[in-house]
Amino acid sequence: MTNATPQASLPRQLFTMTWPMLFGVLSLMTFQLVDSAFIGQLGRDPLAALGFTLPMQQLIIGLQVGLGIATTAIISRTLGAGDQLRAERLGGLVVTVGATLVIILCIALWLLQTRIMAGLGAEQSLLPLIRSYWIPWLLSAWTGAMLYFGYSVCRSHGDTKLPGYMMVATSLANIALDPLYIFVFGWGLQGAALATVTAFGIGCLFIYPKLLRAGWIRFDLSQLALGQALKQLNGIMAPAMVSQLMPPASAMFATAMVAGFGSAAVAAWGLGTRLEFFSIVVVLALTMSMPPMIGRMLGAGELARIRVLVRLAVRFVVVWQLAIGLIWLLASGLVSELFTSDRAVSDVLGSYLVRVPLSYTGLGICMLMVSVCNALGLAMRALLVSVLRLFLCFLPLLWIGAQLGGINGLMSGALVGNLMAGVMAYLFYRQGIRKLTLQG
C-alpha cells in the first residue's frame, strides 16, 4: 500500500486489507470454542478452573490490545511521514516493552493467585487444580501476547495477509494438539494450555524471523528518543487499555440485570451474546484493517482520503449489519429451537433475536469509530465513546427497558441503546476529524 495509490482504489484496498483479518478472527473464535468443548469433557472442576482464569485473561488481553492499537497508529503514521528507520526502531521498542509489561503482569498474577481466587470466590477444593494450571496458562498468555505484537507490527506496515494466515494456522494447530495433549498424553487441563503454548510458540518462531528479514523491527533502541517514543506509545496505549476493559465490566452489569428474570433469561442472554460475536466478525476485521490505512494517510496529511475511507466503511457496516439483523429476525424461531431444547430458554432467545440483532448496525459503527479515533491519535475521544456507549446509552436503557417491559423491555432497551451509541460515536468522529482538518 503506497501513498500514491489513487482514491478510486480505496474500496479495493479496504477489501484486500480486511479479508485476511476476517478469516483470522473467525479461526481464533473457532479454536476457543473447540478448546472449551475439549475441557468440558474433563468434567465440571476443570471447566470451573478455566472460568476463574477468564477475568485475568481479559486483563492481559486489555494490555496487549492497548499496546497493539498504539503500535498500529504510531508506526503507520511514521511510515506515512516517510521515516522508515524510526518506524523500524518503534517496532523493536513495541516488542521489548510488550514482552516486559506482560511478563511483569503474569508474575504479579502468579504471586497474587491465592488472593485473586479468594476474591473471585473459588472453592477451596479447586485451588490445587487452579494452581497446577496457572503456570502453563500464564506461559500461554505471554506467548499469545508476543505473537499478537508481531501481528500488530505487520499490520502497521500494511500487511494483513501474514497475520491472517498465521491466525488460521495457529488455531488449526491448537485444535489438532488439544486432544493429543489433553487425552492421549493424559495432561488434562494443563494440556490445553500447553497445546496453546506450542501452537503460539511455533507462530512466534515463524513470524519474528520474517519481521527481522523484512527490516520491520530493529533493536538499536539507543538511537531512538526513548522518552518521547514511550510517551507517544503510552498516550494511545493507556486510554485504549481502559477502553478494552469497558465491555467486560458492562457485561457483568448487564448479566446482573438479566439474572433478575431467572436462570432461563441468563442462559438465553449468554447464547445471544455468543451469536453476537459471530454476527460482528466483519466489523472486528475492519477495526484491525483500517487503522494502518488511516495512519499512513494521516502521516501523509491526506485527511480528505481518510474521510472517504471512513464514509465507505460506515456505509458498508450499516448495510451489512442490517442484513445480518434481518436474517436473525426471520430465523429467530428456528434458531431458538435449534440452540436449546428448554422451552423457557428458547422463548427468551427468540425474543432476543427479534430485537437485539437489529441494533448491530449501531454497535458496529460504534466499534468502528473507536478504532478510527485511535488511529487518528484521538485516544481520549475513543475512550469517551466507549464509556458513553456503555454507561450513557446501553446500560441505562437496559434498566429503563426492564422496568417498563420486563425481559422483553430489557432487550428493546439494548436495541435502542446500541443504535443511540452508533449515532453518538459517528458524531464524535465527525467532530474530531473536523478539528484535525482545521489544525492542518
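Predicted model: local features only at pLDDT ≥ 70, side-chain atom pairs only at ≥ 80, totals over all residues.
Residues are numbered from 1 along each chain as its sequence is written. Local features need pLDDT of at least 70 and side-chain atom pairs pLDDT 80 or more, while totals for chains, interfaces and linings use all residues, and side-chain values use heavy atoms, without hydrogens and water.

Colleague: Are helices α5 and α6 roughly parallel or roughly antiparallel?

Modeller: Helices here are DSSP runs (H or I, at least four residues) numbered from the N terminus. The axes of α5 (residues 127–156) and α6 (residues 161–184) come within 9 Å and cross at roughly 155°. Because angles over 145 degrees count as roughly antiparallel, α5 and α6 are roughly antiparallel.

Colleague: Which residues of α6 make the contact with α5?

Modeller: Contact means heavy atoms within 4.5 Å. From α5 come Leu 147, Tyr 151, Cys 154 and Arg 155. Their partners on α6 are Leu 162, Pro 163, Met 166, Met 167 and Thr 170.

Colleague: Is Met 17 buried or exposed?

Modeller: Met 17 lies in helix α1 (residues 10–40). Leaving out residues up to four places away in sequence, Met 17 touches Gly 158, Thr 160, Ser 289, Pro 292 and Met 293. Its relative accessible area is 5%; since buried means under 20% and exposed over 50% (1.4 Å probe, protein chains only), Met 17 is buried.

Colleague: Which residues does Met 290 contact beyond its neighbours within four places in sequence?

Modeller: Met 290 is among the residues touching the most other members of the largest nonpolar core, which has 111 residues. Such a core is a set of buried Ala, Val, Leu, Ile, Met, Phe, Trp, Tyr and Cys residues joined through side-chain atoms within 4.5 Å. The contacts of Met 290 are Leu 14, Leu 309, Val 310, Ala 313, Leu 368 and Val 372.

Key: Axes fitted to C-alpha atoms, helices over the stretch in contact; angles between N-to-C directions. Helix = DSSP H or I, 4+ residues; strand = E, 2+ residues; numbered from the N terminus. Parallel < 35°, antiparallel > 145°, perpendicular 65-115°, else oblique.
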